[in-house]
Amino acid sequence: MVHLNKEVVGDAYTSNFTWDVLETLVDLETRMAGQESERQGSKILRDYFENIGLRNVHLDEFGIDGWWRDFSSLETAGSHDRAYSKDYQIIALPGTPAGTAEGRLVDVGYGRPQDFEAADCGGKVVMASSETPDDYGRWIHRMEKYVNAADAGATAFVFQNHIEGCLPPTGEVGYNNRPGPIPAVGVSAELGSRLERHVEHGEFNVTVNVDCENEPTKSHNIAGDVGPDTSEVVLVTAHIDTHDIAEGANDNGAGSVLATEVGRLLKQVEDDLETRVRILVFGSEEIGLKGAYYAMNTLDHDDVKCVVNIDGAGRHRTLSINPNEFDELLTVFEKVTNELSVPLITNNTVSPHGDQWAFVQEGIPGVMISSENPNGNGRGWGHTHADTLDKIDIRDLRGHAITIADAVYALAEPNREVASRVREETRELLDEGYEQELKLGDRWPY
């Protein structure tokens, strides 16, 4: 198998390029989909694409349903009369409608389907944890818990972080049904624990207040090519947007700069590339993979050899991949990491989480690249105020860049076949639980 030469590897291990780009992005503080900060981030990456010599650099604009945060609070009455409105206690979830809702508080724990079946949610304010138990078999997305709460007759939804540190979690709940049907907020682990304790003391009612705006706006994808001008293309992707409460150093600033670094490294061996590689950084991933779907709908599927998507990499030294049951993608990454003598975590299952899904659902080969989560289950610092630059180590970025660039270099070989699937085969491979999640969020593509 071909590998990058030692000069390129040496450059990657000594360069500060990834850190410089990441510092520039996080200094924007937020890059919320459809807002001015996301546009600024897109333009910053476009300029870096041009500076490293990518070809055909451009922004693609597309429309989205935007969301703007304002005030949110949670008030309790009965056994304990309290009001909570600090941003380390409570924040609204994007896609929520504005409004006020009240009811008795019901805690459904992990928010598994069986937890909702066992609870009386009608007319209640429902609280669910951000955690999914390790033995459940699949990760339960917050949107699924939110829709299940609404379908069960809840008046409002409270999403409790399972990570301590006064960090209420954010995350989209509306997706293709924006705005969602009931108000939704995230609360810190500590406030959630207090609410659980106060419920046990007798009559306990909760009022959730959300003030926000849901309005149409624009987002952008950033694209640039390296290698020969072939019709066939390998896509190296990430997403530029964050949520509006943090700088998104890991989710997904690190992914954006790693995709850019892959372009910079491949530019140095451009004459040896035999298939075009497009660095494609999406907007609006956090609100339903909007940029990825826009690209999927505008590209010729027969021309896309495969998609290498980077999201969540950089939070730990050990790289993790999900090749979505495309054997050749798994083989390439296993060979690269074995020959570089670096560890690799694999989870080979068809998953609808991540921008690659927009392509995988159509049968186009796609791999999701992240890294081991040192905080265990879930996103860790992601989707909280704590997703900051201090959580990232440049040594991890350098190591990931070499591994990913080496794998992309191999995937660009013209004699390396990466077999696609028909749409129906992908549908059959998808876990029933994920099918339920996609249908609940009006994201079922079949």
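Where in the chain is the place of Glu-29?

Mentor: Happy to. Two words of housekeeping. This is a predicted model, in which local features need pLDDT of at least 70 and side-chain atom pairs count only at pLDDT 80 or more, while totals for chains, interfaces and linings use all residues. Residues are numbered from 1 along each chain as its sequence is written, and side-chain values use heavy atoms, with hydrogens and water left out.

Glu-29 sits in the loop between α2 (17–26) and α3 (36–51). Helices (H or I, at least four residues) and strands (E, at least two) are DSSP runs, numbered from the N terminus. Glu-29 is exposed, with a relative accessible area of 56%. For the labels, buried means under 20% relative accessible area, exposed over 50%, and partly exposed in between (1.4 Å probe, protein chains only). The areas come from the Shrake-Rupley method with a 1.4 Å probe, and for residues only the protein chains shown count as cover.

The backbone of Glu-29 deserves a look too: its phi is near 80°, a positive value in a residue other than glycine. Most residues other than glycine have a negative phi, and most peptide bonds are trans. Another residue with a positive phi is Cys-166, near 55°. Cys-166 is in the loop between β6 and β7 and is partly exposed, at 33%. That loop, between β6 (156–160) and β7 (184–187), also holds Pro-179, which is joined to Arg-178 by a cis peptide bond with omega about -15°.

Asp-20, Glu-23, Asp-27 and Glu-29 gather in a patch of negative charge on the surface. Patches are made of residues with over 30% relative accessible area and no salt bridge; like charges are joined within 9 Å, and nonpolar side chains (Val, Leu, Ile, Met, Phe, Trp, Tyr) within 5 Å. Lys and Arg count as positive and Asp and Glu as negative, with His and the chain ends not counted. The place of a charge is taken as NZ of Lys, CZ of Arg, CG of Asp or CD of Glu.

On one side of this part is Ser-15, in the loop between α1 (6–14) and α2. Ser-15 is buried, at 12%, and its side chain reaches the backbone nitrogen of Phe-17 at 2.9 Å. A polar contact is a pair of N or O atoms within 3.5 Å; within protein, one must be able to donate a hydrogen and the other to accept it, and residues adjacent in sequence count only if both atoms are side-chain atoms.

Glu-36 forms a salt bridge with Arg-39, with the closest N and O atoms 3.1 Å apart; the term means a side-chain nitrogen of Lys or Arg within 4 Å of a carboxyl oxygen of Asp or Glu. The two residues lie three apart in α3, about one turn of the helix. Glu-36 is partly exposed at 41%, and Arg-39 is partly exposed at 24%.

For context, the whole structure has 22 salt bridges. In one, Arg-416 meets Glu-328 at 2.8 Å, N to O. Arg-416 lies in the loop between α11 (394–411) and α12 (423–429) and Glu-328 in helix α9 (residues 327–340), so the pair ties together parts that are 88 residues apart in sequence. Arg-416 is buried, at 13%, whereas Glu-328 is partly exposed, at 24%. Elsewhere, salt bridges link Arg-317, Asp-393, Arg-395 and Asp-396 in a network.

Asp-387 is buried yet has no salt bridge; Lys-391, the nearest side chain of opposite charge, is 7.1 Å away. Lys-391 instead meets Asp-390 in a salt bridge (3.1 Å, N to O). A polar atom of the Asp-387 side chain does lie 3.0 Å from the backbone nitrogen of Asp-251. The peptide bond from Asp-251 to Asn-252 is cis, with omega near 0°, and Asn-252 lies in helix α7 (residues 249–267).
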